[in-house]
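Hi,

Here is the structure I promised to pass on.

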Amino acid sequence: MLKAGVLGAGHLGKIHLRLLNESNKYNLIGFYDANPEHGKQIESEFGYKYFNSIDDLIDAVEVVDIVTPTLSHYDCAKQAIKKGKHIFIEKPITNTVEEAENLRALVAEHNVKGQVGHVERFNPAFKAIKDQLDQPMFIEAHRLAEFNPRGTDVPVVLDLMIHDIDVILSVVQSKVKNISASGVSVISDTPDIANARIEFVNGCVANLTASRISLKNMRKTRFFQKDAYISVDFLEKACEVVKMKDAPENPGDFDMILQNAEGIKKQIYFANPEVPANNAILDELETFADAINNNTTPVVTLHDGTEALRVASMIIDQF
């Protein structure tokens with residue numbers, strides 16, 4: 001069991017504390033929060049040990065779980081890495097791409113591991129279809145959320161869209177060629193709704209929409225590739241696969257057959273892969289423990305987090 005400590009005990013920090021405490025791969029040592037009153041309250045309510053300083057917490061653990069506001073990610077991670085500690089860091093990895101690049105260099109220099117909390121990679125619906133994604137050429141993502149004041153200190157691209165950016169970059173193994181985007185501030189100082197079109201060198205195009213002022217919640221992504229359409233509902237944790245194959249010579253009465261202008265016939269068939277229930281946050285934390293213990297590459301590396309932030313920054317620069 002790895003000795004772990006959490007920096008930041010806000011909404012998400014409390015979830016991390018509970019899951020690390022329950023996990024059999026970690027020994028939760030305690031946490032630090034910049035608000036001592038809040039920290040003491042969490043300590044008395046849940047029994048987690050509250051540390052009075054970041055340094056004291058880092059010294060007491062092997063893994064530092066950083067769930068502080070984005071602006072402080074870089075400083076917290078730098079302190080931990082320089083003391084030889086592994087870091088799990090919430091998304092977005094840092095406030096700027098330059099900071100993210102510096103963290104990558106530090107991790108290599110001090111021979112520790114880092115993982116970024118892009119939790120949708122662990123969504124069971126995405127995991128269920130990931131192996132069926134084969135060079136998608138058009139991707140459409142909608143991530144809509146009802147208004148919540150928490151998170152409005154950053155553009156909706158860093159708050160919501162970055163989830164889909166990371167998922168798409170993990171699927172499309174090609175460099176970004178061009179980005180066009182627009183964003184509108186409605187009730188915040190930063191854009192509340194945004195749309196981005198990402199064109200890749202291999203010809204793939206991704207169209208992403210994110211909003212935090214919607215009347216309903218939606219988190220859906222659709223992948224279109226040769227002979228297949230794959231839909232993932234990250235919110236409902238459901239997926240659908242529609243595939244085409246050459247039609248049989250003697251189709252059955254209930255077979256769905258399409259014929260194109262050239263006379264080529266295809267059979268359409270549907271699949272709804274089984275989606276095993278999981279706790280995605282627990283999964284991401286525990287796979288990080290496995291990467292440390294087995295000396296393997298984390299599922300979402302600091303490189304992945306940096307590239308997602310790089311694309312997000314390129315989108316924001318268009319506004």
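Below is what I found, going from the whole chain down to single residues.

First, the ground rules. This is a predicted model, so local features need pLDDT of at least 70 and side-chain atom pairs count only at pLDDT 80 or more, while totals for chains, interfaces and linings use all residues. Residues are numbered from 1 along each chain as its sequence is written, and side-chain values use heavy atoms, with hydrogens and water left out.

Now the overall picture. The protein chain has nine helices and 14 strands (DSSP runs numbered from the N terminus: H or I of at least four residues for helices, E of at least two for strands). Its radius of gyration is 22 Å, close to the 20 Å from the globule rule for 319 residues, so the chain is as compact as a globular protein of that length. That radius is taken over C-alpha atoms, and the rule is 2.2 Å times the number of residues to the power 0.38. The C-alpha trace spans about 75 × 40 × 40 Å along its principal axes.

Of the 319 residues, 49% count as buried (under 20% relative accessible area; exposed is over 50%, and partly exposed is in between, with a 1.4 Å probe and protein chains only). Among contacts (heavy atoms within 4.5 Å) with a separation of 6 or more, 67% are between residues 24 or more positions apart.

One spot to look at is the loop between β4 (86-90) and α5 (97-110), where T94 is found. T94 is buried, at 1% relative accessibility. Its side chain reaches the backbone nitrogen of A100 at 3.2 Å, a polar contact (N or O atoms within 3.5 Å; within protein, one able to donate a hydrogen and the other to accept it, and sequence-adjacent residues count only if both atoms are side-chain atoms). Leaving aside neighbours within four places in sequence, the residues in contact with T94 include T70, H73, Y74 and L309. P92 lies in the loop between β4 and α5 too, and the peptide bond from K91 to P92 is cis, with omega near -15°.

Two other loops have a non-glycine residue with positive phi. K237, between β11 (228-233) and β12 (238-246), has a phi of about 55° and is partly exposed at 38% relative accessibility. N295, between α8 (280-294) and α9 (302-316), has a phi of about 50° and is exposed at 62%.

Cheers
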